[in-house]
Amino acid sequence: MSTDRILSVDQLTMRFGGIVAVQELSFTAERGKITALIGPNGAGKTTVFNCITGFYKPTAGSIGLTHANGSQFAIERLKDFRISKQAKIARTFQNIRLFPGMTPLENLMVAQHNTLMRASGFTFLGLIGVPSYRSAEQDAIALATRWLKRVGLLDRADDAAGNLSYGDQRRLEIARAMCTGPALLCLDEPAAGLNARESAALSELLLSIRAEGTSILLIEHDMSVVMEISDHIVVMDHGVKIAQGSPREVRDDPRVIAAYLGTDEEEAAAVMESES
Ligand SMILES: Nc1ncnc2c1ncn2[C@@H]1O[C@H](COP(=O)(O)OP(=O)(O)OP(=O)(O)O)[C@@H](O)[C@H]1O
C-alpha cells in the first residue's frame with residue numbers, strides 16, 4: 001500500500017536531567033490528514049510538539065518532514081527559524097500567545113513578516129513603498145482578511161486581540177498560523193476552554209483546513225473533537241506510545257482506556273463512550 005507521509009518521527013527521546021519526558025517514540029503522519037496525539041497529563045505530548053517545532057532539540061532520534069514536491073527536512077538538525085520558514089511547520093500554543101495590544105488584522109500581518117521582509121528587499125525599500133513591496137503588502141492584507149472572514153472575526157478586525165473572547169482568540173491563533181502557509185499545522189489543545197458550540201465550530205474549521213490540503217497534527221484532551229475529526233490517533237503514556245489507530249480502534253483499546261482515563265476500566269469506558 002502506498003502512503004504519502006508528511007512526518008516521520010523515529011525513536012525520539014527527550015530527557016530533562018533525570019526526567020525522560022519522551023522515550024524512543026516513533027509514529028508517522030499522513031499528508032492531508034489529521035493526526036491526533038493524545039494521552040493523560042504529563043504523557044509527553046507537548047514535549048513532542050516542542051521537538052517537532054524546534055523549541056527543543058531532541059536528546060536522540062530523528063524527525064523527518066517531506067513536502068509534497070519531495071523536499072525533505074531533518075527537523076532535529078534545522079535551526080528553529082528555518083523550521084517555520086523552510087520546512088513550513090506552524091504551531092499554536094496551549095496558552096494563547098497572540099499580541100494582545102494589536103488588532104486581529106495586525107496579528108495576521110505580523111505572521112506574514114517573512115514574506116513582507118523579502119518583498120522589501122530587507123531594506124528601506126519597504127518604507128519608501130516600491131511597487132513590489134506595495135503589491136506584497138496588498139496580498140498580505142487580502143490573505144489576512146480572508147482568514148479573518150473564515151474564522152468569523154472580520155467585524156472585530158480593529159479591536160484589540162486581547163479584548164476578544166477566549167474562543168475568538170483561539171480561532172485567531174489558528175488563522176495566524178495559517179497565514180504563514182504551513183505544510184504541517186501543529187495545534188496544542190485548540191479546544192481547551194471552549195464551550196460545546198465553540199468546539200463544534202473548531203472541528204468544522206479544522207476539517208475545512210484539512211479539506212484544502214493542509215496536514216494537521218493535533219494535541220487535544222477534548223475527546224469529542226478528537227474522535228470526530230481525527231484520521232489517525234497516536235496514544236502516549238509516560239513518554240511512550242501505548243497504542244495507535246483509527247478513532248474507533250483507539251476508543252475500544254483497553255490499554256488506552258486504562259491509561260488515558262484512569263485505572264477503573266469500566267468507568268473509563270463509560271466516559272469515553274459518552275464523549276465520543
Ligand atoms: N522543560 C522541562 N523541564 C523539565 N521537565 C519537563 C519540561 N517539559 C516537560 N517536562 C516534563 O516532561 C513530562 C512530559 O510533559 P509534557 O508537558 O510534554 O506532557 P503533556 O502530555 O503535554 O501534558 P499535558 O497534557 O498536561 O499538557 C512531564 O513529567 C513534565 O514535567
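Which residue in β10 stands opposite Val234? Gln244 does. Before going on, note that this is a predicted model, where local features need pLDDT of at least 70, side-chain atom pairs count only at pLDDT 80 or more, and totals for chains, interfaces and linings use all residues. Residues are numbered from 1 along each chain as its sequence is written.

**The sheet**

Strands here are DSSP runs of E with at least two residues, and helices are runs of H or I with at least four, numbered from the N terminus. Strands count as paired if DSSP finds at least two bridges between them. Six strands make an open sheet in the order β6-β7-β8-β3-β9-β10, with mixed pairing. β6 and β10 sit at the edges, each pairing on one side only. From one strand to the next, the twist averages 20 degrees. Helix α1 packs on this sheet and makes about 150 degrees with the direction of β7. (Axes are lines fitted to C-alpha atoms, for helices over the stretch in contact, and angles run from 0 to 180 degrees between N-to-C directions.) As for β9 and β10, they run antiparallel, joined by five bridges.

| Strand | Residues |
|---|---|
| β3 | 34-38 |
| β7 | 184-188 |
| β8 | 215-219 |
| β9 | 232-237 |

**Around the ligand**

α1 turns up again here, giving the most to the shell around the ligand, with three residues. The shell includes Phe16, Asn41, Lys45 and Thr46; a residue belongs if its C-beta atom, placed from the backbone, lies within 6 Å.

Note on methods:
Contact = placed C-beta atoms within 7 Å.
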